Amino acid sequence: YVRMVLFEVFALRLCFPSFFFISRACKISSLLVSMSIPPIFDDFAKKASKLFTDDYVFGRVKFAVKSTAENGVQVKTAGVSNTDTGKASGSLETKFEHKDYGVKVTEKWDTDNVLNTEITADDVALEGLQLGFDSMFIPTTGQKSGKFKVDLKRPHLHVTTDVEVDYIGPVLRSSASMSHGPWMGGIQGVYEGSQNRLTANSVGMAFESEEGDYTLSATLQNGSEFMGSLHQRLSADLEFGVQASCSLTSSTTNMTIGTRYQLDESSFIKAKVNNRSHIGLAYGRNLREGVKLVASAIVDAQNTSQPNHRVGLSLEFN
């Protein structure tokens with residue numbers, strides 16, 4: 001652990017200042033127009049995904065506290081208890097941002113004794129270019145891995161590349177997305193050095209209205225699985241979404257319909273149902289400023305007499 005900390009200090013104090021010097025010397029005076037930069041490939045269906053995943057904590061009791069110190073350091077502690085197994089886990093995360101240099105340092109330590117560190121630097125040598133390094137270290141076993149990340153944002157173009165290095169072999173993940181007006185298209189691939197071949201590939205496209213209240217996406221994974229999503233904001237208080245997937249090599253098909261309604265300034269309700277008759281419900285309320293409580297449940301409507309139903313609770317302080 002001491003060696004890990006010394007390595008981080010070395011990287012911050014000796015390596016990254018050279019990046020900062022290049023960044024300041026080569027920085028373009030005009031800022032990029034953020035609206036013209038497409039999202040990364042994985043975020044084409046982000047709005048729909050958040051509608052179906054956020055605030056649903058089935059089978060868990062979750063507790064989280066977030067705070068920010070006067071010097072800008074953000075601290076987050078979280079604990080989760082699985083109601084089925086009784087296993088509890090927790091984590092401590094700190095995040096610091098040096099805005100003058102565009103550097104962010106994030107460290108996370110959980111109860112499984114896994115230490116994760118992420119260091120990123122923005123606008124390195126080129127406006128819109130972000131370089132980063134992720135590391136994972138388990139002191140008890142000595143297992144460790146690292147990942148170098150490159151993220152390039154330009155008008156109508158967003159390219160990402162991650163190179164993960166561990167004892168098995170390098171893994172290269174790359175994606176590129178482009179936009180033209182409301183239309184977006186992209187590709188993604190994964191190459192594993194241990195197998196010396198491309199192990200995953202995806203191609204997709206998306207449409208987002210100018211106001212951002214209507215989003216449609218479609219993706220083909222490995223040439224055999226089709227995934228599509230729709231998200232629409234029907235009004236200021238009501239959202240609606242659909243997710244669907246089907247396998248071109250089998251008859252497997254999945255579909256989920258969901259909605260979110262803002263009851264008032266401090267409370268909301270969410271609901272979703274899939275083609276297997278699993279009904280999910282969630283109710284959230286801001287008890288006071290910075291305190292959010294969410295209760296959720298999922299019911300197996302096809303097997304009401306079976307113990308397949310789950311409830312969950314989340315309490316967050318910010």
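This is a predicted model: local features need pLDDT of at least 70, side-chain atom pairs count only at pLDDT 80 or more; totals for chains, interfaces and linings use all residues.

Reader: Over how many bridges do S15 and S16 pair?

Author: Strand S15 covers residues 253-262 and strand S16 covers residues 267-274. A hairpin of four residues joins S15 to S16. The two strands run antiparallel, and their pairing extends over seven bridges.

Reader: Moving on to S16 and S17, which turn residue has a positive phi?

Author: S16 pairs in the antiparallel sense with strand S17, residues 278-288, over seven bridges. Within that pairing, Phe268 has Gly284 in S17 as its bridge partner. Three residues lie between S16 and S17 in the hairpin, and the one with a positive phi, about 65 degrees, is Ser277.

Reader: Is Ser296 buried or exposed?

Author: Ser296 belongs to strand S18, residues 291-300. Its relative accessibility is 5%. Buried means under 20%, so Ser296 counts as buried.

Reader: Which backbone nitrogen does the Ser296 side chain reach?

Author: Ser296 touches residues including Asp55, Tyr56, Val57 and Phe58, as well as Arg310, Val311 and Gly312. From the Ser296 side chain there's a 3.1 Å reach to the backbone nitrogen of Val57.

Reader: And which elements give two or more residues to the largest nonpolar core?

Author: That core has five residues in all: Val103, Val105, Ile119, Ala121 and Val124. The elements giving it two or more residues are strand S4 (103-110) and strand S5 (115-122).

Note on methods: Residues are numbered from 1 along each chain as its sequence is written. Side-chain values use heavy atoms; hydrogens and water are left out. Buried means under 20% relative accessible area, exposed over 50%, partly exposed in between (1.4 Å probe, protein chains only). A polar contact is a pair of N or O atoms within 3.5 Å; within protein, one must be able to donate a hydrogen and the other to accept it, and residues adjacent in sequence count only if both atoms are side-chain atoms. Contact means heavy atoms within 4.5 Å. A nonpolar core is a set of buried Ala, Val, Leu, Ile, Met, Phe, Trp, Tyr and Cys residues joined through side-chain atoms within 4.5 Å. Two strands pair if DSSP finds at least two bridges between them. Lists of a residue's contacts leave out its neighbours within four places in sequence.
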